[in-house]
Amino acid sequence: MKIKAAVLRQMGAAPPYASSSPLSIETVDLAPPGPGEVLIKVSAAGLCHSDLSVINGDRPRPMPMALGHEAAGIVEALGEGVTDLQAGDHVVVVFVPSCGHCAPCAEGRPALCEPGAAANGAGTLLSGARRISLVGQTLHHHLGCSVFAEYATVSRHSLVKIDGAVPLDEAALFGCAVLTGVGAVVNTAKVPMGASVAVVGLGGVGLAALIGAQAAGARQIIAVDLSHDKLVQARGLGATHTVNAGQPHALEQIRELSAGGVEYAFEFAGSIPALDLAYRITRRGGTTVTAGLPPSTATLPLAAVNLVAEERTLKGSYIGTCVPSRDVPRYIALYRQGRLPVDKLLTGRLALEDINHGFDLLHEGKAIRQVVVFD
C-alpha cells in the first residue's frame with residue numbers, strides 16, 4: 001500500500017530543522033504483515049529526543065530510515081500466526097520487541113532482549129525483514145517501529161493491547177516517555193514510599209519520572225533543569241522543590257534541601273554534566289539512575305573509591321526496566337485513576353508535514369512532548 005512517511009536520508013543536519021529539512025515527507029510502499037506481524041493505522045506518534053539523536057547523528061543508525069518509535073494506533077490486519085489481536089484493537093507500540101526466548105527475556109527482562117536489540121541495530125523488524133521501500137529502495141525501520149507514518153507494519157512483539165477508551169494521542173506517550181520515566185522510578189530504582197528523590201532533566205521522560213515518584217509516595221521531589229519554564233511545570237506536577245542547574249551553587253543548594261543528598265537521583269538529560277550532577281547530589285548509600293542517552297563516545301569520570309567507601313550505586317535504566325505487557329496496562333490504569341497525569345505532559349499536536357518544526361521546538365527546549373496526529 002502507498003502511505004506517507006517521514007524519511008531520514010542522512011544524519012547530521014544542522015538546526016533549524018524547519019530550514020535544513022532532515023525529514024522529508026515521502027509516499028512510500030508498505031508491505032503487508034508477514035508471519036508474526038501486524039499492520040496498524042497510526043493515530044499519534046510522539047517526538048522524542050531518541051529520534052532527535054538519530055537526526056543529529058548522536059546515535060548512528062543505518063540510512064535511509066523511516067523514523068519514529070513512540071506511537072499508538074489501531075490494528076488493521078494480522079499476519080499469519082497472530083491470533084491474540086483482531087482488527088479494531090487499540091495498541092501501544094513498544095520500541096524493543098521481545099522474543100521471549102533469549103536469556104534476558106527468560107529472566108523477565110524483555111527490555112534487554114538480545115534478538116530485539118540486534119534487529120533494532122540493523123534497522124529491521126524482529127524477523128529480520130524490512131517492509132518499507134521507496135522507488136524500489138528498501139528503507140530501514142527505526143527501532144522496529146517507523147511510526148512517523150500513516151500506517152506501520154511491526155512485529156506482534158512490538159505491540160501491547162490497551163483499553164479502547166484511552167485517547168490515542170495520550171496513549172502514544174506510554175510507549176516510551178512513560179515506560180522509561182515511570183519505570184526508572186518503580187522498576188529500576190524501586191523507590192519506596194517516603195524516600196527523597198531528585199530528577200535532573202525535565203523533558204517528557206524526566207517529567208514522567210517526576211509524576212512516577214509522586215505516585216510512588218516520595219516525600220521530597222527536587223526537580224532540576226536549566227529551563228525556568230520546565231521548572232514551573234514541574235511544580236505543577238508535584239515537585240516539592242525546584243533548582244535551576246545553571247545557578248552557580250546549584251549542587252550546594254540541592255544538598256542543603258535534602259540534608260546532604262537525596263536517596264535516589266535520576267538523570268534524563270543525556271549529558272555528562274547532568275549525570276555528574278545527579279551522582280554528586282546522591283547521598284552516601286544512595287542510588288543514582290541514568291536513562292539519558294549521551295553520544296556513544298561520552299565517558300563519565302568517577303572517583304571509584306566512593307562506590308565502596310560510601311556504598312554508592314550507579315545504575316542504568318533502559319525503557320524503565322519494563323515488562324511492556326505488564327507495565328503499560330498498569331500505568332494506563334493509574335492514569336485513568338488520576339494518579340499518573342500523563343495528559344499534562346502533552347504540550348503540542350502537529351501535522352506530519354510540520355515535523356521538522358516540531359523537532360526545532362524539542363531541540364530548543366520549548367516543548368515537553370509533542371505528537372504527530374493522523375486522521
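User: Which residues lie nearest the centre of the second largest pocket, and how many residues line it?

Analyst: Rolling a probe the size of a water molecule over the atoms shows where empty space is left. In this predicted model, 14 residues line the second largest pocket, and His157, Leu159, Val160, Pro324 and Ser325 are nearest its centre. Its volume is about 210 Å³. Strand S10 (159-161) and helix H12 (324-336) each contribute at least two lining residues. The lining comprises eight nonpolar, four polar and two charged residues.

User: What is the volume of the largest pocket, and which residues are closest to its centre?

Analyst: The largest pocket has a volume of about 980 Å³. Its lining counts 48 residues, with His49, Phe268, Ala269, Gly270 and Leu293 closest to the centre. Among the elements giving two or more residues to this lining are helix H7 (204-216) and strand S12 (220-225). The largest share, five residues, is from H2. By class, the lining has 24 nonpolar, 17 polar and seven charged residues.

User: At what angle do helix H6 and H7 pack, and how far apart are their axes?

Analyst: Helix H6 (residues 177-188) packs against H7 at about 45°, and the axes are 7 Å apart. H6 is therefore oblique to H7. The crossing of H6 with H7 is right-handed.

User: Which residues make this contact?

Analyst: From H6 the contact includes Val178, Val182 and Val185, and from H7 it includes Ala208, Gly212 and Ala216. The contact residues divide into nine nonpolar and four polar, with no charged residue.

Notes: Residues are numbered from 1 along each chain as its sequence is written. This is a predicted model: local features need pLDDT of at least 70, side-chain atom pairs count only at pLDDT 80 or more; totals for chains, interfaces and linings use all residues. Side-chain values use heavy atoms; hydrogens and water are left out. On a 1 Å grid over the protein atoms alone, a cavity is a set of points where a 1.4 Å probe fits but cannot get out, and a pocket is an open set with protein on both sides within 12 Å along at least five of seven lines; lining residues have an atom within 4 Å of a point. Grid points are joined across faces, edges and corners, and a volume is the space filled by probe spheres set on the points. Helices (H or I, at least four residues) and strands (E, at least two) are DSSP runs, numbered from the N terminus. Ala, Val, Leu, Ile, Met, Phe, Trp, Tyr, Cys and Pro count as nonpolar, Asp, Glu, Lys and Arg as charged, and the others, Gly among them, as polar. Axes are lines fitted to C-alpha atoms, for helices over the stretch in contact, and angles run from 0 to 180 degrees between N-to-C directions. Angles under 35 degrees count as roughly parallel, over 145 as roughly antiparallel, 65 to 115 as roughly perpendicular and the rest as oblique. A crossing is left-handed if the near helix is turned anticlockwise from the far one by less than a right angle, and right-handed if clockwise. Contact means heavy atoms within 4.5 Å.
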